[in-house]
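Trainee: I'd like to go through some of the labels on this structure with you. Could you set each one against its cut-off for me?

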Amino acid sequence: MVLRPKSAPLRIGVDAGGTFTDCVILEGSRVRILKVFSTPDDPAGGIAEGVHQLIEGTGESAANARLEIIHGTTVGTNALLERKGARVALITTAGFEDLIEIGRQNRPRLYDLGVRREPALVPRRLRFGVHERTAADARILQTPSKAALRQLVGRLRKADAESLALCFLFCYANPSNERMVAQALRVLGLPLSVSHEILPEFREYERISTVVVNAYLAPRLGTYLARLASAFGTRRFPRSGKPAVRISVMQSSGGITTAERAAREPVRTILSGPAGGVVATARLAQRRGIRQAISFDMGGTSTDVSLIDGAPRTTREITLGGFPVAVPVLDVHSVGAGGGSLARFDAGGALRVGPESAGAVPGPICYRRGGTRPTVTDAHLILGRLDADHFLGSDFRLDLEAASGIFAQFLKDHARRVPGRLLPRTPPGLARGILAVANATMERALRVISVERGHDPRDFALVSFGGAGGLHAADLARGLGIAEVIVPPDPGAFSALGVLLSDVVKDLSHSVLMPVPGSTTDSGDRPTPRARSQVSGRARQQILARGWEPFLQEIAHGFVRLERAGRAQFRAEGFRDAIHAERHVDLRYVGQSFELTVPFDRKFREAFQSEHERAYGHSQPGQSLEIVNLRLRLAIRTPKPAIGRTPSKPVRRDPPRAALLKRKSVWFEDEMMDTPLYQRSRLPPGTQFTGPAVVLEYSSTTVVPPDYACHVDSQASLVLTRPR
């Protein structure tokens with residue numbers, strides 16, 4: 001074991017999934033992993049159990065160790081999707097109480113005459129209007145009276161709300177009225193989400209929706225994080241008084257934040273779970289010198305895919321559970337296809353798989369925890385792709401007999417209802433059908449992030465991870481024409497490792513809606529049409545008249561103000577480390593409705609033209625530009641564990657006898673083939689072999705089909721390719 005300095009904490013990354021909770025501990029340059037069953041009724045309990053077991057393996061005591069626990073969570077996501085959040089009261093500008101329900105009046109499905117929109121998170125009786133008004137140019141036109149504020153507090157006391165959302169018109173330009181009302185509301189002692197603190201940007205509906213979602217999740221995530229903290233005690237160091245255990249949370253944007261901030265702004269964690277895998281994929285691609293990669297994360301409940309073209313893509317245009325959320329998130333597409341996805345026959349007799357999942361309780365049939373319906377994991381076991389005696393490092397034996405019996409009973413129960421030509425005749429036939437349907441669902445997801453966005457998947461490498469990823473990766477790559485599949489070491493805990501790779505990040509933004517000098521219509525002879533710009537009339541002419549250098553200075557000053565605020569927040573959270581800053585601007589042609597994000601430097605206009613050409617196939621260099629938002633990312637670098645073992649020279653080409661566990665019959669397509677099963681830890685770099693083969697390890701299983709070859713690279717990754 002590599003010893004760490006006494007002053008350094010024991011860093012543990014945790015990915016709490018629907019079926020398993022994956023824990024990764026960093027001991028110097030060594031990484032150790034542990035998988036335990038998730039506890040859906042008490043997610044904090046599963047994390048605490050895994051962490052304590054992992055620490056005991058290091059020879060330290062959880063009661064005495066200095067810990068830093070960093071975890072990705074689906075608590076907020078599940079609460080929003082399942083509608084299990086708090087009762088929220090919305091306080092907004094009088095006359096705009098129904099904006100949260102009206103939205104943008106667009107139909108979810110244009111030609112569906114029976115379409116129903118999701119009901120608003122805030123019922124009409126809990127929406128309160130305040131007579132106040134701020135103009136688009138930041139002037140305060142009306143200030144709430146003290147009497148009105150006292151009356152508002154009284155009404156809210158009677159409303160039985162559990163959380164408050166505050167959002168006024170144009171508060172991003174001047175938050176004075178919001179600050180005044182927020183101060184008056186703090187006497188209620190309820191979680192308070194204030195729009196100019198969470199999202200100081202224009203687009204009223206997206207802002208109010210984001211703030212309401214934050215308020216909806218705040219009590220739930222706050223309670224969860226408090227329970228997680230209590231599971232590790234309240235021990236503090238005698239001299240400094242600092243907690244001996246620091247808990248951090250993965251944000252949807254790919255950076256980590258403190259548990260306290262996550263409890264205040266849970267909307268930033270709604271895609272916390274998949275983010276770690278994307279970060280780890282980007283790191284792996286960088287280390288291997290790969291610019292274009294697709295992350296493929298198949299777990300027990302869902303599959304998450306993301307495209308990396310130089311760097312992970314971030315978006316602010318997502319909708320979760322029917323509600324727009326405008327905070328930065330990694331661009332991840334998720335589908336309900338995982339190892340625990342349940343199979344069924346629909347009314348027309350077609351086989352369906354997912355999105356419903358067996359989860360951790362009861363789980364797949366073969367887990368012997370009460371499962372009674374066929375799942376993808378059971379299908380792999382019946383086909384021989386999973387081995388009953390070598391699951392989770394042989395610590396957990398799968399029940400093949402139970403899975404085969406229920407598959408047979410499932411076919412018998414549906415024999416009368418499903419047309420004979422559609423119904424498989426045997427359990428292996430049903431298992432093959434289940435895998436084919438699951439693969440079709442995941443292939444569509446991969447096409448969404450590649451083909452449908454103008455990328456050719458054949459130009460990318462597929463990085464496969466998650467407990468079930470290696471079972472499907474080769475089949476999916478074949479269907480999309482992807483030439484190379486990379487399975488990193490410990491793929492079942494790769495997302496948890498990505499959490500350890502993430503920096504402490506703070507994303508700040510501010511809407512400025514400012515015209516850019518230097519285009520052909522900036523001479524002042526005629527007005528330039530603008531879209532919702534807060535800088536108007538004489539002020540606009542003054543900006544343009546000052547010229548390019550003063551304009552750049554004004555934008556730079558805006559970034560300085562954001563950075564000053566962000567650094568102050570870091571200091572308040574106890575961080576004293578060096579901070580790295582990245583500046584970006586949201587830019588658009590004047591008159592456009594949406595914008596593109598480019599780095600802010602002296603060539604940001606040229607960068608925008610190039611990005612517009614790439615995204616839409618054309619650009620208009622002579623058209624006036626407008627900066628919509630300033631975006632600043634502040635990051636504190638964290639220690640980075642290596643992905644894979646230390647690079648070494650290849651030692652052999654053929655699979656060693658020591659790696660062969662046994663041979664068995666495994667189904668591929670429509671025939672059984674004699675197949676070797678290898679222990680991955682005994683496959684050194686340089687090893688090469690051809691399919692069919694199955695590679696077993698503690699956290700996952702990788703299937704090498706007959707038409708594939710596999711070699712172990714210098715960093716211990718399995719690389720699957722199709723020989724010509």
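Trainee: What makes Lys 35 count as buried?

Mentor: Buried means under 20% relative accessible area, exposed means over 50%, and partly exposed lies in between, with a 1.4 Å probe and protein chains only. Lys 35 has 9% relative accessibility, so the label is buried. Before we go on, keep in mind that this is a predicted model, where local features need pLDDT of at least 70 and side-chain atom pairs count only at pLDDT 80 or more, while totals for chains, interfaces and linings use all residues. Residues are numbered from 1 along each chain as its sequence is written, and side-chain values use heavy atoms, with hydrogens and water left out.

Trainee: Good to know! Why is the pair of Lys 35 and Asp 22 called a salt bridge?

Mentor: The term asks for a side-chain nitrogen of Lys or Arg within 4 Å of a carboxyl oxygen of Asp or Glu. Here the closest N and O atoms are 2.6 Å apart, so Lys 35 and Asp 22 qualify. The pair links distant parts of the chain, 13 residues apart: Lys 35 is in strand E3 (residues 30-37) and Asp 22 in strand E2 (residues 20-27). Strands (E, at least two residues) and helices (H or I, at least four) are DSSP runs, numbered from the N terminus.

Trainee: And why is Asp 22 called buried?

Mentor: Asp 22 has 6% relative accessibility, which is why Asp 22 counts as buried too.

Trainee: How do you know that Asp 309 and Arg 291 form a salt bridge?

Mentor: Their closest N and O atoms are 3.6 Å apart, so this pair meets the cut-off as well. Asp 309 sits in strand E14 (residues 303-309), and Arg 291 in the loop between helix H9 (272-288) and strand E13 (292-298).

Trainee: Why is Asp 309 called partly exposed, and Arg 291 exposed?

Mentor: Asp 309 has a relative accessible area of 29%, so it falls in the in-between class. Arg 291 has 56%, and therefore counts as exposed.

Trainee: How many salt bridges does a search of the whole structure find?

Mentor: That search finds 46.
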